[in-house]
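The points below are grouped by topic and can be read alongside the sequence and the 3D view.

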Amino acid sequence: MAAPDLPPPPPFEITERPLFVHLHPRLVDPRALAGGVVVMIDQLRASVTMTAALASGAEAIVPAFTADDARTTAAKLRAAGVRTLLGGERGGVRIEGFDLDNSPLAYTRERVAGARIVFTTTNGTAAILLARDAAEIYIGSLANLSALCAHLAREPRPVHILCAGTREEVTLDDVIPAGAMVERLVAAGRQMGPDDQPRVALEAWRSVAGTPGGILRAFLESRGGRSLARMGLADDVAFCAKLDTLRALPAREADGSFRDRASKA
């Protein structure tokens, strides 16, 4: 906690397309995201899973905050004749009665093509809902890094990279892909915001990007990676550690669902 009698911080003028990083949802006031463009990262594994689902031909992803919310939404869609699947996890495990868990490897074309997927996870979907007043929301990860950054290269509005974290904690597996995005977007002419969060993310990315196997090793050493490995899901971590395996770009539409914006480019 800072001293209560501190003077206001010195001004910091951003003159060229600002770029902000928020290492955990609790570190940002939702009002600061209003009107901007938000990239939500939940690297292990919601971001990659949602992207994999759309890359495999799913019609849309419908985020839900709780498992009960997801069941209610799915029931309404099914009653309207929409082919609907329930996907998600709590504590890394498929929710009882759901069709799919949160493994990107499970969302194959044979399983999800043409379906609308109502999806809820421990951290990722909550971060999406925090950013509900943003003008645009994209789902980002290392898996669609190039597609995302190419799409945002000329975006004139402020861009906010929002790391989902793990419960109330910052997680390395989200910070690393945030840094990869910072590196590319700054190279495209964006200016980092005044605090050190984008710089922390950039240093985390650069510390592993140049080392063979460095990304996977860092993910496996992170809290989320350790938990997944203990559950026998190290293959998911390995898949999530790869760059540009998926071309889909999940983007929020007017109805709140996420569809593949890359296919419209």
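## Strand pairing

Strand 2 (residues 37–41) and strand 7 (residues 136–140) run parallel and are paired through 5 bridges. The model is predicted. The points that follow take the strands, then several helices, then the cysteines.

**Strand 7**

- Strand 7 is mostly covered, with 5 of its 5 residues buried.
- Glu136, Tyr138 and Gly140 point one way from strand 7, while Ile137 and Ile139 point the other way. The residues on both sides are buried.

**Strand 1**

- Strand 1 (residues 18–22) is also mostly covered, and 4 of its 5 residues are buried.
- Strand 1 runs parallel to strand 8 (residues 159–163), and 4 bridges join the two. In this pairing Phe20 stands opposite His160 of strand 8.
- Strand 1 also runs parallel to strand 9 (residues 191–192), to which 2 bridges join it. Here Leu19 stands opposite Met192 of strand 9.

**Helix 1**

- Helix 1 (residues 46–55) is largely enclosed by the rest of the structure, because 9 of its 10 residues are buried.
- The buried residues of helix 1 are Ala46, Ser47, Val48, Thr49, Met50, Thr51, Ala52, Ala53 and Leu54.
- Gly57, which follows helix 1, has a positive phi near 100°.

**Helix 6 and helix 7**

- Helix 6 and helix 7 pack with their axes 7 Å apart and at an angle of about 95°. Helix 6 is therefore roughly perpendicular to helix 7.
- On the helix 6 side, the contact is made by Leu172, Val175, Ile176, Ala178, Gly179, Ala180, Val182 and Glu183.
- On the helix 7 side, the contact is made by Pro198, Val200, Ala201, Leu202, Ala204, Trp205, Arg206 and Val208.

- Gly213 lies in the loop between helix 7 and helix 8. Gly213 counts as partly exposed, because its relative accessibility is 46%.
- Gly213 and Lys242 are 29 residues apart in sequence, and their C-alpha atoms are 9.8 Å apart in space.
- Within helix 8, Gly214, Ile215, Ala218 and Phe219 are buried. Seen down the axis of helix 8, these buried residues fall within an arc of 130°, so they line one face of the helix.
- An α-helix has 3.6 residues a turn, so residues three or four places apart point the same way.
- The buried residues of helix 8 are covered by elements including helix 6, helix 7 (197–209), helix 9 and helix 10.

**Helix 9 and its packing on helix 8**

- In helix 9 (residues 223–230), the residues Gly224, Gly225 and Leu228 are buried. They cover an arc of only 95° around the axis, so they sit on the same side of helix 9.
- The buried residues of helix 9 pack against helix 6 (172–187), helix 8 (214–221) and helix 10 (234–240).
- Helix 8 and helix 9 pack with their axes 4 Å apart, at an angle of about 80°. Helix 8 is therefore roughly perpendicular to helix 9.
- Where these two helices meet, helix 8 contributes Phe219, Leu220 and Glu221. Helix 9 contributes Arg223, Gly225, Arg226 and Ala229.
- Gly232 follows helix 9 and has a positive phi, near 80°.

**Cysteines**

- How many disulfides are there? With a cut-off of 2.5 Å between cysteine sulfur atoms, the count comes to 0 disulfides.
- Cys149 is in no disulfide, and the nearest cysteine sulfur, that of Cys163, is 13 Å away.
- Is Cys149 buried or exposed? Cys149 counts as buried, because its relative accessibility is 8%.
- Cys163 is buried as well, with a relative accessible area of 0%.

Note on methods:
Residues are numbered from 1 along each chain as its sequence is written. This is a predicted model: local features need pLDDT of at least 70, side-chain atom pairs count only at pLDDT 80 or more; totals for chains, interfaces and linings use all residues. Side-chain values use heavy atoms; hydrogens and water are left out. Buried means under 20% relative accessible area, exposed over 50%, partly exposed in between (1.4 Å probe, protein chains only). The arc is that of the directions from the helix axis to the C-beta atoms. Contact means heavy atoms within 4.5 Å. Two strands pair if DSSP finds at least two bridges between them. Axes are lines fitted to C-alpha atoms, for helices over the stretch in contact, and angles run from 0 to 180 degrees between N-to-C directions. Angles under 35 degrees count as roughly parallel, over 145 as roughly antiparallel, 65 to 115 as roughly perpendicular and the rest as oblique.
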